[in-house]
Structures are given as structure tokens and as C-alpha cells.
Amino acid sequence: MTDGRNQERTLVLLRHAKAEQSQDAPDAERPLTARGHADASAAGAWLARHGLLPDVVLCSTTRRTRQTWHGVTMGMTGSPPEGGPAGSAPVVRYEAGAYEAQPEDLLELVRGVEPGAGTVLLIAHNPGVSLLSALLDAQRADPDGLRTTDLVVHRPTTRWAELAPGGAPITARHTARG
């Protein structure tokens, strides 16, 4: 791995797929709906088509985000969990702090990524993930925020550890639907 000084970096923000609305289970345990599973797979297929296979995945620990990641891997490769350069499996970090996180908290998670990582996928929740996108590129961020299974591609202009507000222009966005 390189030290990350001169390499291109890509940060993909993904809001989890559509989850069941349940009064019976704790919020963190809500599973994806059938549509949510299909949309997560469609998100993975979109990432693969655009050469955005992650080296590192930062994923909230909730059931719906973990299921979203599983669906994304299925969509990228047809079987879990491949990705990264030359088909190598990405480093996956399940982060409890990504649940109910403020955008600054999510930014800190991204800053902690290994310097040599080229593409990072962050799977998280609203409002934090939408606010992080706006923090990184206020001019191009969607004022309505991310909908379920929305992907926003940011291109950081610095090393991960130095990522700051305004430091990652949006270059693409996509709403995955299966």
C-alpha cells in the first residue's frame, strides 16, 4: 500500500436501503424490506459498473445497514463479500458510532481510514450521512438530502486524515432501485 500522498481518493456515501417500519423491534434491529434488498443489490451493481469497488467499508452496526452492505456485495460480484482492487475483499469496519452520528462524527471515521485506501464506502443513516455530504460539498449537495439507497460520490482533494469541510467535491450521484 502507498502512503496515500499522490493517489486519487473516492468517498462513496450510501444511505441504507428501505427498512421495515416496526413498533415491535428496537430501531437498530429493523430489517430491510424486499424492496430494500433489491435496491441494495442495485447499488452494488451500479458501483461495479462505475469501477467504484471499495477498499474500505465503514458500516453502521444496525441490522438494516449490515443487510444493505450484504446486498451491495451481492450486486457488485454476485456473491458476498468481494470487491476492492483485483477482486480482493475490502476491509470492512462495523462502526457503532455511525448510528445516530453527527456529520462531524462520520468525518472523523473517514479521517481514520488507512492512508493507502483509494475508495471508501460509508453506509450510514440520515440525517448524518446527508449532512456529511453537504459538509464536504455544500454547493453540489442535494438540499433534500439522501433518500434510501442514494449514493453520492465525493473526490477528496487531500489525504483521508486531512479531509475537511468543503474538501471533497461531488462528482456523481445515483438512486439505486432494484
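Helices (H or I, at least four residues) and strands (E, at least two) are DSSP runs, numbered from the N terminus. This is a predicted model, in which local features need pLDDT of at least 70 and side-chain atom pairs count only at pLDDT 80 or more, while totals for chains, interfaces and linings use all residues. Residues are numbered from 1 along each chain as its sequence is written, and side-chain values use heavy atoms, with hydrogens and water left out.

View 1. Starting at the N terminus, the elements follow the order β-α-β-α-β-α-β-α-β-β. The C-alpha trace spans about 50 × 35 × 25 Å along its principal axes. A compact globule of 178 residues would have a radius of gyration near 16 Å, and the chain agrees with its 15 Å (taken over C-alpha atoms; the globule rule is 2.2 Å times the number of residues to the power 0.38). Of the 178 residues, 49% count as buried, where buried means under 20% relative accessible area with a 1.4 Å probe, protein chains only.

**View 2. Here is the open sheet, six strands in the order 3-2-4-1-5-6 with mixed pairing.** Strand 3 (91-95) and strand 6 (170-175) are the edge strands, each pairing on one side only. From one strand to the next, the twist averages 15°. Two strands pair if DSSP finds at least two bridges between them.

**View 3. Two helices meet the sheet: helix 1 and helix 4.** Helix 1 (residues 34-49) packs on the sheet and touches strand 1 (10-15), strand 4, strand 5 (150-154) and strand 6; contact means heavy atoms within 4.5 Å. The direction of helix 1 makes about 25° with that of strand 5. Helix 4 (residues 128-136) lies across strand 1, strand 4, strand 5 and strand 6, and runs at about 150° to strand 1. For these angles, axes are lines fitted to C-alpha atoms, for helices over the stretch in contact, and angles run from 0 to 180 degrees between N-to-C directions.

**View 4. Zoom in on strand 2, where five of five residues are buried.** Val56, Leu58 and Ser60 point one way, with Val57 and Cys59 pointing the other way. In a regular strand the side chains alternate between the two faces of the sheet. Strand 2 (residues 56-60) runs parallel to strand 4 (residues 119-124), joined by four bridges. Val56 has Val120 as its bridge partner, and Leu58 has Leu122. Five bridges join strand 2 to strand 3, also a parallel pair, and Cys59 stands opposite Tyr94 there.

**View 5. Next comes strand 4, with six of its six residues buried.** This strand is therefore largely enclosed by the rest of the structure. Thr119, Leu121 and Ile123 point one way and Val120, Leu122 and Ala124 the other. Strand 1 runs parallel to strand 4, with six bridges between them; Val12 stands opposite Leu121.

**View 6. Last is helix 2, residues 63-77.** Its 15 residues reach 21 Å from first C-alpha to last, close to the 21 Å expected at 1.5 Å a residue (the expected span is 1.5 Å times one less than the number of residues). Among the buried residues of helix 2 are Arg64, Gln67, Trp69, Val72 and Met76. The cover over the buried residues includes strand 1, helix 1, strand 2, strand 3 and strand 4.

Methods
Buried < 20%, exposed > 50% of the residue type's maximum accessible area, 1.4 Å probe, protein only.
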